[in-house]
Amino acid sequence: CEVAFNLDDGFEMFGGTVNLKYISVLFVGDDAIDTDEGYQGKIQFAYVMIGASGNHGVEMDSKINETPRSFPQLYSATFVHHLDGSPESVSSDDLRDATLRLREGTGGEFGNLIVTNVPSTGVLQNECGTETRTHDLASAGTSPNYLWFSSDNIIFGATGITLFVDDDGSCPGLSSALNTDPQLTLMPGTADEDTPFMDPRPLAGGAAYSSTVENPSDGFFDATAYKGAFDTDLWIGDWSYLAEQNQIPTSDTSGTSTVCGSIGSQSWSSDVTLSCQVFVDSGATLTIEAGVTVYAFADDGAGRAPALVILQGARIDARGTADSPITFTTATAGEAPSRGLWGGLIILGNAPVYGGTQEVEGLTGYSYGGSNAGESSGTLQYVRVWYG
């Protein structure tokens, strides 16, 4: 389920035990996830984009020490704020800067979270009650009378952010999280509703795959070996508003390897995704096996279209077959068939050209042409290049 561009909150649960799984909240006016009045449900795989003018990723309240005490269990979630964010909600009772807002005696469990692009404060607390607030789940006590926040959750953003603020001195106990880049595939610090392209999945082997905690084993939560809402499966890729606007990759790219920047000799035997412009260095050979699909983002986050560029002196050996062609195509699906959805396949050779050398169109500082009429830049056989 997804809520996008609401004037007030996204998902709002006051009391009860409703569970949520695979939810997306985009650019709502107030809080993305709001809980209160004794809510004791479970939430897993939540993706939240706040934007520059949104309020909080969560606002989770209770009624101090009254019963039932709120006890949300939130695991495997990604919160993307905006480095220049400043709340402008017309419907909130709390416009203090914070990505996560915990107050009024709420309990709960918070594990395997990624909180990124934080402009000032990661977690803001006040008006706490007698609940235990701790980073040690084993000694937390009995639910719902504790608030456990894993110290292995990632909170990352602007230089000098404050991870935790105890606003009124009533909320001791929480002080530690990992202030490290979560290494998402493509997520600008100012990601917002008008960002051309983004990919919230973590890079393979990155920070999201280390120091994870075990999710509850209760029949609802799935076991994960990563932090955040996504592994390789971009489960919003076919139905989210972001997919409709071609701002994220299609789910066809799930499970592909991501390639970006300069590369030496290597072989692609399975599908890959170009998240930025990829340059095969001089002297190197890129081999692409039959049947491989090469996807490309529409934008690298800096206004450049990802492309595969075979530099002068490099080679490409891409030999498909009639039954298993090699395909270069867009990572977005909504606009195809269409032109200009990525940067294309560009081969820069050393053979003679008019004028000696020429700068390639669309790539400043890269040239083709020379004096070696016998040079070969490789082989293309049964190769399809679409939508570039």
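Is Met-13 buried or exposed? Met-13 is buried, with a relative accessible area of 7%; buried denotes under 20% relative accessible area, exposed over 50% and partly exposed in between, for a 1.4 Å probe and protein chains only. The model is predicted, so that local features need pLDDT of at least 70 and side-chain atom pairs count only at pLDDT 80 or more, while totals for chains, interfaces and linings use all residues. Residues are numbered from 1 along each chain as its sequence is written, and side-chain values use heavy atoms, with hydrogens and water left out.

View 1. Met-13 belongs to strand 2; helices (H or I, at least four residues) and strands (E, at least two) are DSSP runs, numbered from the N terminus. Neighbours within four places in sequence being set aside, Met-13 is in contact with Val-18, Leu-20, Ile-33, Asp-34, Thr-35, Asp-36, Tyr-39 and Ile-43, where contact means heavy atoms within 4.5 Å. Between Met-13 and Ala-351, 338 residues apart in sequence, the C-alpha to C-alpha separation is 67 Å.

View 2. Four bridges link strand 2 to strand 4 (residues 33–36) in the parallel sense, and Phe-14 has Asp-36 of strand 4 as its bridge partner.

**View 3. Strand 21 and its parallel partners.** From strand 21 (residues 293–296), Thr-293 and Tyr-295 point one way and Val-294 and Ala-296 the other way, and all are buried. Strand 21 pairs with strand 19 (residues 272–280) in the parallel sense over three bridges, Tyr-295 being the bridge partner of Thr-273. Strand 24 (residues 326–330) runs parallel to strand 21 and is joined to it by four bridges; there, Thr-327 is the bridge partner of Thr-293.

**View 4. The largest pocket.** The largest pocket has a volume of about 210 Å³. On a 1 Å grid over the protein atoms alone, a pocket is an open set with protein on both sides within 12 Å along at least five of seven lines, a cavity is a set of points where a 1.4 Å probe fits but cannot get out, and lining residues have an atom within 4 Å of a point. Of the 16 lining residues, Pro-202, Ala-204, Thr-232, Thr-256 and Thr-258 lie nearest the centre of the pocket. Strand 16 (199–202) and strand 17 (257–263) are the elements that give two or more residues to this lining.

View 5. Thr-67 and Pro-68 are joined by a cis peptide bond, with omega about -5°, and Pro-68 lies in the loop between strand 6 (58–60) and strand 7 (73–80). The bond from Ser-143 to Pro-144 is also cis, with omega near 5°. Ser-76, although not a glycine, has a positive phi of about 55°; Ser-76 lies in strand 7 and is buried at 0% relative accessibility.

Notes
Pairing = 2+ DSSP bridges. Points joined across faces, edges and corners; volume = space filled by probe spheres on them.
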